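Dear colleague,

I am handing over the structure below, and my notes on what was found in it follow directly after. Please read them with the coordinates open beside you.

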Amino acid sequence: DRLRSRGLGDVYKRQVLYKLRHEHNFQGYIHVKAIPGADSRLIQMTGYLADRMSVNIELPTAESLRLLAPHKTRENILAPMRFVQQMSAENQYEIQTYRHVPKFVPAGQSTQMIIGATGESDYEIMSVSEALYKRFDLKRVFYSAFINVNNDSTLPAQVGGPPLRREHRLYQADWLLRYYAVSYTHLTLPT
């Protein structure tokens, strides 16, 4: 609501990224996270200042999201991903047509998912990753082994500690998806 009551220029200028880029002339790499439910105008403005933008998918399936994060929905997470993809496509056309236009997330978008918190197999996780790469033109899917930091009894128990080897194995399979165009259906993954 505050965004609507002010001019977008005022909000834009007060942002940290704007200050970094325009007041401090920082030209280094900036990776930002877009939050599901954020105003698309804010995502758009941020995208012209950042090199890469991520929207974390959090968990591999809608079912696991309902189980562990019932306040989040797959639709709310995918909407900003779709918006970033559309803005990137429009920006590519603008760059080809006009040349000297600002670049929108020139390093692309990525996402992150927690693995091991729910029962999805590696095969299912790689299926989701491949779909995300294809549907949203992602540059990278990051995998984070689930760690029950608070020892919350409502979260899954971790026999043997966090699944770090599994995380590593998923990164290896992901490499095959991204760089060798190997489909997840051709990978032999443990269940």
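Helix H4 gives the largest share of the lining of the largest pocket, namely four residues, and helix H3 (16-23) and strand S1 (31-33), like H4, each supply at least two. Please keep in mind that this is a predicted model. The volume of the largest pocket comes to about 270 Å³, and of the 16 residues that line the pocket, those closest to its centre are Gln 15, Leu 17, Lys 33, Leu 42 and Thr 46. Sorted by class, the lining is made up of 12 nonpolar, two polar and two charged residues.

To stay with H4, which covers residues 40-47, its buried residues are Ile 43, Met 45, Thr 46 and Gly 47, while at the start of the helix a side-chain oxygen of Asp 39 comes to within 2.7 Å of the backbone nitrogen of Arg 41.

The other element I looked at is helix H7 (residues 122-136), whose 15 residues reach 21 Å from the first C-alpha to the last, which is close to the 21 Å expected at 1.5 Å a residue. Its buried residues are Asp 122, Ile 125, Met 126, Val 128, Ser 129, Glu 130, Leu 132, Tyr 133 and Phe 136, and what covers them includes helix H6 (74-98), strand S3 (109-115), strand S4 (140-145) and helix H8 (164-180). Just after H7, the backbone at Asp 137 takes a positive phi of about 50°.

With best regards

Conventions
Residues are numbered from 1 along each chain as its sequence is written. This is a predicted model: local features need pLDDT of at least 70, side-chain atom pairs count only at pLDDT 80 or more; totals for chains, interfaces and linings use all residues. Side-chain values use heavy atoms; hydrogens and water are left out. Buried means under 20% relative accessible area, exposed over 50%, partly exposed in between (1.4 Å probe, protein chains only). A polar contact is a pair of N or O atoms within 3.5 Å; within protein, one must be able to donate a hydrogen and the other to accept it, and residues adjacent in sequence count only if both atoms are side-chain atoms. On a 1 Å grid over the protein atoms alone, a cavity is a set of points where a 1.4 Å probe fits but cannot get out, and a pocket is an open set with protein on both sides within 12 Å along at least five of seven lines; lining residues have an atom within 4 Å of a point. Grid points are joined across faces, edges and corners, and a volume is the space filled by probe spheres set on the points. Ala, Val, Leu, Ile, Met, Phe, Trp, Tyr, Cys and Pro count as nonpolar, Asp, Glu, Lys and Arg as charged, and the others, Gly among them, as polar. The expected span of a helix is 1.5 Å times one less than its number of residues. Contact means heavy atoms within 4.5 Å.
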